[in-house]
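Colleague: Could you take me through the side-chain contacts and helix packing in this one? I would like the criteria along with the answers.

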Amino acid sequence: MQLYLNATSPYARVARICLYEKKLIERTELCWCDPWAADSELLQINPLSRIPTLVTDDGEVLTESVLIALYLDAQGEGPALLAHDALTDTLALTGLGQGLMDAAFNVVIGRKHGGNEVDLTLLGSRRLKAIERTLATLNTHPSVLAGKTERTLGSIVVAVALAYISFRLPAFDWPNRFPALNTWYSEVVESESFDLTAFE
Ligand SMILES: N[C@@H](CCC(=O)N[C@@H](CS)C(=O)NCC(=O)O)C(=O)O
């Protein structure tokens, strides 16, 4: 398999973490790329020019981090990332994490291309408020309060979104403001899969 990625994309990091968790990393070539480049190799296989993009051993091209994670879950070894007996819990957490990641990523891209004043626009302020509300929701989420720190699709996506906010939007200062979430996060990320994929 081949995974197209870079070192700063939270979506690509989810896919890479899943490769480690499912013991598929050795079987995968990592193709480092710039998804924003106009004439990249990535563009030849994915018209959206987005990462992560996974090329399977059969030559199928998969996009969307969560869909790639589901494919890897079916292909690899070890505990299920989306276990049937915890289906709704895992999907609920995955949705919150993916939404948090989308809001944070759009704030970062908005500021990069439109300056910090983008935060004052209707969309900009909606995204910032969405991040704030989602952090507060996660801080009292039943899975967080119950200390469910197994690495599932849900906990992985949420933890990567939180790591991305620390990396790109440190002013949120979520680890100090949401201590229960920080305790949960610290346990989820205690693994080779997170250590070896840190944002750079
Ligand atoms: N919903 C997608 C989002 C992927 C995405 O937006 N990736 C960014 C990098 S963080 C990208 O490749 N952007 C390039 C572009 O949009 O042209 C997923 O979950 O994989």
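Colleague: Is lysine 22 buried or exposed, and at what relative accessible area?

Modeller: A word on the ground rules: this is a predicted model, where local features need pLDDT of at least 70, side-chain atom pairs count only at pLDDT 80 or more, and totals for chains, interfaces and linings use all residues. Residues are numbered from 1 along each chain as its sequence is written, and side-chain values use heavy atoms, with hydrogens and water left out. Buried means under 20% relative accessible area, exposed means over 50%, and partly exposed is in between (1.4 Å probe, protein chains only). Lysine 22 is therefore buried, with a relative accessible area of 2%.

Colleague: Which residue forms a salt bridge with lysine 22?

Modeller: A salt bridge here is a side-chain nitrogen of Lys or Arg within 4 Å of a carboxyl oxygen of Asp or Glu. For lysine 22 the closest N and O atoms of the pair are 2.9 Å apart.

Colleague: How many salt bridges does the structure hold?

Modeller: One of them joins aspartate 57 and arginine 27, with the closest N and O atoms 2.9 Å apart. Another is formed by the side chains of glutamate 64 and arginine 50, also given as 2.9 Å, N to O. The total for the structure is seven.

Colleague: At what relative accessibility does aspartate 57 count as exposed?

Modeller: Aspartate 57 sits in the loop between strand S3 (53–55) and strand S4 (61–63), and its partner arginine 27 in the loop between H1 and S2, 30 residues apart. Arginine 27 counts as partly exposed at 42% relative accessibility. Aspartate 57 counts as exposed, at 52%.

Colleague: Which residues of H3 are exposed on the other side from the buried ones?

Modeller: In H3, the buried residues are Ser65, Ile68, Ala69, Leu72 and Asp73. They cover an arc of only 145° around the axis, which puts them on the same side of H3; the arc is that of the directions from the helix axis to the C-beta atoms. Taking contact as heavy atoms within 4.5 Å, the buried residues of H3 pack against H1, S3, S4, H4 and H7. Exposed on the other side are Leu67 and Ala74.

Colleague: Which helices do the buried residues of H5 pack against?

Modeller: The buried residues of H5 are Gly124, Ile131, Thr134, Leu135, Leu138 and Asn139. These cover an arc of only 140° around the axis, so they lie on the same side of H5. On the other side, Leu122, Arg126, Lys129 and Arg133 are exposed. The buried set packs against helix H4 (87–114), helix H6 (142–145), H7, H8 and H9.

Colleague: What is the angle between the planes of phenylalanine 167 and phenylalanine 199?

Modeller: Rings of Phe, Tyr and Trp (its six-membered ring) pair if their centres lie within 6.5 Å; planes under 30 degrees apart count as stacked, over 60 as edge-to-face and the rest as tilted. By this rule there are four aromatic pairs. Phenylalanine 167 and phenylalanine 199 form a stacked one, 5.0 Å centre to centre, and the angle between their planes is 10°.

Colleague: Which arginine lies over the face of phenylalanine 199?

Modeller: A charge sits over a ring if NZ of Lys or CZ of Arg is within 6 Å of the ring centre and within 35 degrees of the ring normal. At 4.7 Å from its ring centre lies arginine 13.

Notes:
Helices (H or I, at least four residues) and strands (E, at least two) are DSSP runs, numbered from the N terminus.
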